[in-house]
Amino acid sequence: MEQFKLFDDREHLLLPEHLMEYKHGFFDRKESDRYLNTFLETITWQQTKVMMYDKEVLTPRLCAWFGDRPIRQDDKRPPIPWTDELWEIKTKVEDYTGIIFNGVLLNYYRDGNDSVAWHSDKDTIVGLKTEIASVSFGQARNFDFRNKENHRQQYSLELGNGSLLLMKGDLQKYWEHRIAKSAVPMKARINLTFRKVL
Ligand SMILES: O=C(O)CCC(=O)C(=O)O
Ligand SMILES: [Fe+2]
């Protein structure tokens, strides 16, 4: 995959290729728009509740999980089988990365108020480095990541329509990521993270 530059106020650096690989336009504009519209129209979106300072709040985005098994071992809901489009995308991502995935989490950010807070994605297979392939359709949004030990070490990468980001190595161990809310009006974006779950 190609290298590219990341910027912040003071410095720039090359994307650490052992942690992330970014492919702009992995899907072309037409395919990307078609996938976005299909998912907007056909997916049964869920808004989950999370505990925040002892209060139940709704997550500021909509989600859906598809795959061969539940997203977590304690999740009693049966997984939703792959749709044709999701299978098509999964196959293309697997062919390109050489990695096999067994589930995908979809996140739907309706506008600039939708977001995901700082977090890292858990190791799902003990002993293996977490490899997650992230595909984005629709509105370009900034993907911020920061070092867990030094929050000032923070970078941002714009994930464009039809892009592919492969997160790998120790990224989840040492870095957190988020999609921040935006004061600038934003249109719909759907992100797919292909994962390997037990
Ligand atoms: O929307 C994105 O690009 C990131 C989503 C994410 O971090 C997650 O689903 O764990
Ligand atoms: Fe994540």
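Author: Helices (H or I, at least four residues) and strands (E, at least two) are DSSP runs, numbered from the N terminus. By that rule the protein chain has three helices and 14 strands. This is a predicted model, in which local features need pLDDT of at least 70, side-chain atom pairs count only at pLDDT 80 or more, and totals for chains, interfaces and linings use all residues. Residues are numbered from 1 along each chain as its sequence is written, while chains are lettered from A and ligands numbered from 1 in the order in which they are written.

A residue is buried if 20 or more other C-beta atoms lie within 10 Å of its own, exposed if 12 or fewer, and partly exposed in between, with C-beta atoms placed from the backbone. In H1, the residues Ser-32, Tyr-35, Leu-36 and Phe-39 are buried. Seen down the axis of H1, these buried residues fall within an arc of 100°, so they line one face of the helix; the arc is that of the directions from the helix axis to the C-beta atoms. The face turned away from the buried side of H1 carries the exposed residues Lys-30, Glu-41 and Thr-42.

The buried residues of H1 pack against helix H2 (84-97) and three strands, E7 (103-109), E9 (132-138) and E14 (189-195). Two residues are in contact if their C-beta atoms, placed from the backbone, lie within 7 Å.
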